Structures are given as structure tokens and as C-alpha cells.
Amino acid sequence: MKIAPAVKKETGHIALGTAVGVAIMLVVFAVLGRFDAGVAVSGILGGALAVANFFLLGLTVQKIANGEPEDRARKWMQFSYNMRMLLMVVWLIVALAVPFFNWIAALVPLLMPRLTIAVMQATGMYHKESGGTAPATEGGNAEE
């Protein structure tokens with residue numbers, strides 16, 4: 001399956017926003033005197049999982065947009081959602097169970113993609129269109 005340019009582009013935005021968010025989080029841990037290797041690894045792995053989750057969502061949407069019948073598309077989207085959520089829950093359980101990890105540093109990066117999207121909307125990189133969010137481009141056309 002060829003990865004659509006939009007999936008690559010938006011995953012890049014999310015990766016950048018998540019990396020900045022994780023870096024800020026690590027600085028906050030350092031300022032609070034709570035920074036250690038477990039915090040760093042937890043933040044990096046949590047950030048990687050957050051970006052992977054977004055990327056897998058993009059691949060699922062791409063697959064569905066390429067002509068899946070509606071009932072099958074709905075089932076595939078639900079399955080994808082369930083598996084991605086399961087992956088994040090397993091990560092959080094591991095972060096809680098393994099003393100090396102810091103569960104807060106593991107959890108916070110999972111929130112970064114949503115925060116990145118909110119910042120992009122607030123700064124005008126995205127604008128609301130009929131029923132959803134679309135990238136803002138010159139001339140107000142969201143299609144590329």
C-alpha cells in the first residue's frame with residue numbers, strides 16, 4: 001500500500017508537535033528535580049506510540065477512502081480504533097507495572113497529538129470545513 005502524501009504530511013506535523021511537547025515535558029520534570037532515565041525513556045516511548053497511533057489512524061482512513069463498502073469500512077474503522085486503544089492501554093499498564101518507567105511521562109505524550117491539532121487550529125494551519133478539520137491552504141481550498 002502506497003502511503004498518501006497527506007498521511008505523510010500530517011504525521012510529520014504530529015511528530016514535530018509531539019516531539020516539542022515531550023521536550024517541554026522533560027524540561028518540566030528537570031525543573032521539578034524529577035528527571036531521570038526512566039522519565040526520558042517513558043516520554044520518548046510514549047511520544048513514539050502517540051505518533052504511531054496517529055499514523056495508523058491515517059492509514060486506516062486512507063484505506064477506507066479508497067472505496068471500501070460502507071459497512072465494511074465502519075467495521076474496519078472500529079477494529080482499528082479498538083486495536084490502537086488496546087496498544088495504548090497495554091503501554092500504560094506496562095508503564096505502571098515496571099518500576100523503571102514513569103507513568104506520568106508515559107501518559108502525557110499520548111495527549112500531544114490532540115494538543116498539536118488544537119494549536120494548529122488556533123494558529124490557522126487548519127480550519128474547520130463542513131463536518132471536519134482540513135488543512136488550510138492558499139485560497140482556502142483544503143484539497144491538494
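Start by selecting Leu87, which you'll find in helix 3, residues 70-97. This is a predicted model, and in it Leu87 has 44% relative accessibility, so it counts as partly exposed, falling between the 20% and 50% cut-offs.

Next, jump to helix 1, residues 5-31. Which residues of helix 1 are buried? Color Val7, Glu10, Thr11, Ile14, Gly17, Thr18, Gly21, Val22, Met25, Leu26 and Phe29. Then step past the helix to Gly33, where phi is positive, near 75°.

Move on to helix 5, residues 112-122, and pick out its buried residues: Met112, Pro113, Thr116, Ile117 and Met120. Turn the view to look down the axis of helix 5; these buried residues fall within an arc of 140°, so they line one face of the helix. The background is simple: an α-helix has 3.6 residues a turn, so residues three or four places apart point the same way. On the face turned away from the buried side of helix 5, select the exposed residues Arg114 and Ala122. Helix 5 is followed by Gly124, again with a positive phi, this one near 90°.

Last stop: color by pLDDT. The protein's mean is 88, and 88% of its residues reach 70 or more. Over residues 135-144, though, pLDDT is below 50, and this stretch has 16 contacts in the model beyond near neighbours in sequence. Where pLDDT is low, the predicted coordinates should not be read in detail.

Conventions:
Residues are numbered from 1 along each chain as its sequence is written. This is a predicted model: local features need pLDDT of at least 70, side-chain atom pairs count only at pLDDT 80 or more; totals for chains, interfaces and linings use all residues. Side-chain values use heavy atoms; hydrogens and water are left out. Helices (H or I, at least four residues) and strands (E, at least two) are DSSP runs, numbered from the N terminus. The expected span of a helix is 1.5 Å times one less than its number of residues. Buried means under 20% relative accessible area, exposed over 50%, partly exposed in between (1.4 Å probe, protein chains only). The arc is that of the directions from the helix axis to the C-beta atoms. pLDDT is the predictor's confidence in each residue, from 0 to 100. Contact means heavy atoms within 4.5 Å.
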